[in-house]
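User: I have a model open and want to go through it with you. Can we start with how the chains meet?

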Amino acid sequence: MDRAAVGEAIKKLSSLKCEGMYLSDFLLTWEKTDDELAAVFAVADILREMRRGNVSTRIFDSGLAVSIFRDHSTRTRFSFASAGNLLGLALQDLDEGKSQIAHGETVRETATMISFMAEAIGIRDDMYIGKGNAYMREVSRAVQEGYAAGILEQRPTLVNLQCDIDHPTQSMADAMHLIRHFGGAERLRGKKLVMSWAYSPSYGKPLSVPQGVIGLMTRFGMEVVLAHPPGYDLMRETLEVAKRHAAQGGGSFAVTHDMREAFQGADIVYPKSWASYAAMEKRTDLYGKGDNAGIKELEKELLAQNATHKDWECTETLMKETQDGRALYMHCLPADISGVSCKEGEVAASVFDRYRDLLYREASYKPYVIAAMVFLSKVKQTADRLTRLLAAARPRVP
Amino acid sequence: MDRAAVGEAIKKLSSLKCEGMYLSDFLLTWEKTDDELAAVFAVADILREMRRGNVSTRIFDSGLAVSIFRDHSTRTRFSFASAGNLLGLALQDLDEGKSQIAHGETVRETATMISFMAEAIGIRDDMYIGKGNAYMREVSRAVQEGYAAGILEQRPTLVNLQCDIDHPTQSMADAMHLIRHFGGAERLRGKKLVMSWAYSPSYGKPLSVPQGVIGLMTRFGMEVVLAHPPGYDLMRETLEVAKRHAAQGGGSFAVTHDMREAFQGADIVYPKSWASYAAMEKRTDLYGKGDNAGIKELEKELLAQNATHKDWECTETLMKETQDGRALYMHCLPADISGVSCKEGEVAASVFDRYRDLLYREASYKPYVIAAMVFLSKVKQTADRLTRLLAAARPRVP
Amino acid sequence: MDRAAVGEAIKKLSSLKCEGMYLSDFLLTWEKTDDELAAVFAVADILREMRRGNVSTRIFDSGLAVSIFRDHSTRTRFSFASAGNLLGLALQDLDEGKSQIAHGETVRETATMISFMAEAIGIRDDMYIGKGNAYMREVSRAVQEGYAAGILEQRPTLVNLQCDIDHPTQSMADAMHLIRHFGGAERLRGKKLVMSWAYSPSYGKPLSVPQGVIGLMTRFGMEVVLAHPPGYDLMRETLEVAKRHAAQGGGSFAVTHDMREAFQGADIVYPKSWASYAAMEKRTDLYGKGDNAGIKELEKELLAQNATHKDWECTETLMKETQDGRALYMHCLPADISGVSCKEGEVAASVFDRYRDLLYREASYKPYVIAAMVFLSKVKQTADRLTRLLAAARPRVP
């Protein structure tokens, strides 16, 4: 660890206006100011450097990090557990199958019951349009009310671990990867980033990754292009966010239905499958009606629809179209790799293989991003607290 | 935190005779002396105050808190995890589905195998009459033998997280709520508390909550009334306990089949559904015979029987019968709220809503009650240890 | 705790050549030198003594111990959790059912994704011949590559919690039990140990326990006899290991098909059921083909085959054949006890009962063996680190 560099980073952090993050949640990146996002990057960097330098970043002697996963997860699950652990929090998973929630608890009640000693709550709820983020806000209101009423002695921070709208821990980790890869946030200015749909034999992947990416990356002055076949639109509000950010940040935001055109001259490509917004809405309706047969029928339709776009694959040929033929390939993982994890998928095996280490590095930022979000929400004097941790230099592994 | 008040509370604790709790289990409140229960309340209060004052109450550097849940649970699960975490213990759940228990392990063997580094074991086993508490005692004997034989290097404390007979962490949290709400244990003397059956569309809820409540609340000199329709009797031994306590404590204990009469002039009402003892016994027999068809048949019968008592609902009209129309409404949660979690249930939505904050507060004592039970069992010089924690004043969140 | 004795043990440890264990895995006992195994025993002993003497052995301030169980487990699951906890690591289980692994992640990718803050990874994968150990090596390569590439900031240690070939945490705990029971490793020289097949009404138990036992115990100069009915052979390579070790260590290794003959004059008997190697291979093939009907058919055949060997039971009569009629009876637990956990099984109830405390003691070494394996892999200056822990004498339970 370069102690001077960490000290410098803390000093820089102290110049950022991020007091508003204290006791607040992290639900959508576009609810945060540029300074607040910069603070997350800075704290994540500092925590990583301190850990690397064997300096303990444990700021809790006790407390729980509660996770609620309403969809499968490996990396985000482990990232959240790791982030909590790094700060001294014990993971406690709310497994809704083992709980009494089926017995008729309201969201408000459950949120309070799991929060008596919770410092952070991470939620993944990404399956149904209009549901996931709304659920998180309901939980947030509940713990805020409980805290205000003196029932909860601390106010747990909510972290969105992927909803129907955004996947902020993913997009922020992606952005950290870009910043590090290109040598600074200011170096991203003018870079062309393509968020592209890609074919997958699976059905109904959330829209939150592409939505999160266009909503965040447009803030760095990049030329962001969203590419997808007709019918695979994203939620309108997230397109508006991207447009607004591009206008404000001096970059651009464009939508195209031509993958090849999109790739031309790209510095960064992010090809990934998702369901169409219309399909997701239809599924949500059917789910609401309990129409399982309808959902199955819809699934068939969608797979057939997907199958007409198998040419939306990130091949070597397509990669050649990018800047010097070597754009940075990104993915949130796991990817559908043609001939490896499926017959035909999002990406050619040789492309994926060439970027494997970089993809794993991209993923490695997530635990630190989550830890930084929690840190900024739980610690009022952030820079001061980090300075004291650095000075104390309690060894993580003595 | 009022440091002087905590000091005073510790001083008061040191006057209580609670040495008998050292290395002992907490299985039934009526196996504990008044001083021992007072010690639980005192330690729970002190731990809560210290946590609120940001003083670490971590007394373990390592060690496991093992949980065994044979029935669904949210709040007790989180309360047990929180209590362990507050004292420095890591939760380790024995998920019997993932274990080799189905492969023919005996209770004695499993109990030993999970206890090599366990400081506390919390068990919920409330489904079958005559089984749950018996199972806990079998586990207790096993770890006692293992400890005596030198196989276990520490003697894990058992905490009953709900059995067929009692639900001590619930009733003790309920009692703490009453003590705080009315301003002291001595203020409970003469208060009328109604533990009433209430209608629920669900089947087979344990008897241990009402049994625990009448067994404990009769110790505070209260006028305790148990109300239920004919056929919804509790276990005879728990009725005997309530009678004995009422006689000893200068209060009273009565049983009635009239909910309205019971509510008249009540200071506290606790309307909650449960299955009848006879039905639970029948279910246990059928379970023993592996007669699943019989269990389903019984379930139908019981639901039909329940449905003849839909008028046993805690309505606004009934609440008006209570002392000044504003008795304290209690519930262990989750409640079956009419028009909210079910069509017709235990309580009217408007009644429940009015008491929501108080109900959540009631629940908030459980983690501290559990932590206090473990603390008193693991620490010999309780007052001294708390004094040292207070003096050390290691910050929980530095 | 005898502080002088612990000091002496640390001194002895410092004379062992075990630097090779630093940052390496523990996958097969026969990949380790005698000194390395002796170091595991020594560290396990020292950690146990220090814990007994209320000295904290926590060497991690943060970090995860990740477990992957592809087969049921109680004692190994708890042993791994306990070992991690003793060193300061939080358990994080990779439940493959809840993860995205089914969505097509590769082993390499998953291994990296769970390892960003993992200090140790424990794996049980014992169901299919040729698969479990190979999987562990794949995980090991992945984390080694991730560490070398700078993606992982620490190199997680792999611990084999049972594979198709070996069960090193079991056999090492067994060996510790023998060493303590007989008063030193040198006292094992010349002792007759019988690893015998025994009848069980269950099907398909792994071969790794007997393989691990013959592969390890032949190193102590013992007369090791493997007894089983024809057709219940072990993997050839493990027989070769046992032969080689016997030749090198001055003991012997023999195979017989006669349980009674094997028991004659035995000092130690380890009667336990397992499937035949041929059957396990056949099952692995059928599994590979997805032939579930074939697997069921095979299961029937095997149970019928097993049933022709019900006389392979560790009875009182057989025990009388052993040295003075009182050989040490061992088992990895849970055992199939005749008339207790099954009608006819591996061992008579009266034999099992007589050795119960010793069996539980045998099991009690496992958490310490695992902790020692992790310790030796994560700490470079092992003796020095233990000396510092002893000197610091931070209380485990203050």
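User: How many residues does the contact take from chain A and from chain B?
Analyst: This is a predicted model. In it, the contact takes 25 residues from chain A and 30 residues from chain B.

User: Which elements of chain A supply at least two residues of the side that touches chain B?
Analyst: Strand E2 (90–93) and helix H4 (107–113) of chain A each do. H4(A) gives the most to that side, with four residues. By class, the side of chain A that touches chain B has eleven nonpolar, nine polar and five charged residues.

User: And how many residues of chain A are in contact with chain C?
Analyst: There, 30 residues of chain A are in contact with 25 residues of chain C. The elements of chain A that give two or more residues to that side are helix H2 (34–52), helix H3 (75–87) and helix H14 (356–364). H3(A) gives the most to the side that touches chain C, with six residues. The residues of this side divide into 13 nonpolar, eight polar and nine charged.

User: Do the copies meet through different surfaces or the same ones, and why?
Analyst: Through different surfaces, because only 4% of the interface residues of chain A are also interface residues in chain B.

User: Moving inside the chain. What domains is chain A divided into?
Analyst: Domain 1 covers 3–165 + 366–392, and domain 2 covers 169–363. Their C-alpha centres lie 26 Å apart. As for contacts, 23 residues of domain 1 of chain A touch 23 residues of domain 2 of chain A. On the domain 1 side, H2, H3 and helix H15 (366–378) of chain A each give two or more residues, and H2(A) has the largest share, four residues.

User: What is phi of Leu333(B)?
Analyst: Near 65 degrees, a positive value in a residue other than glycine. Most residues other than glycine have a negative phi, and most peptide bonds are trans.

User: Is Leu333(B) buried or exposed?
Analyst: Leu333(B) counts as buried, because it has 21 C-beta neighbours inside 10 Å and the cut-off for buried is 20 or more.

User: And where does Ala393(A) lie?
Analyst: In the segment after helix H16 (382–392) of chain A. Phi of Ala393(A) is near 50 degrees, again a positive value in a residue other than glycine. Ala393(A) is partly exposed, with 13 other C-beta atoms within 10 Å.

Terms used
Residues numbered from 1 in each chain as written. Chains lettered and ligands numbered in written order. Predicted model: local features only at pLDDT ≥ 70, side-chain atom pairs only at ≥ 80, totals over all residues. Contact = placed C-beta atoms within 7 Å. Nonpolar A, V, L, I, M, F, W, Y, C, P; charged D, E, K, R; others polar. Domains from an automatic or database assignment. Buried ≥ 20, exposed ≤ 12 C-beta atoms within 10 Å, placed from the backbone.
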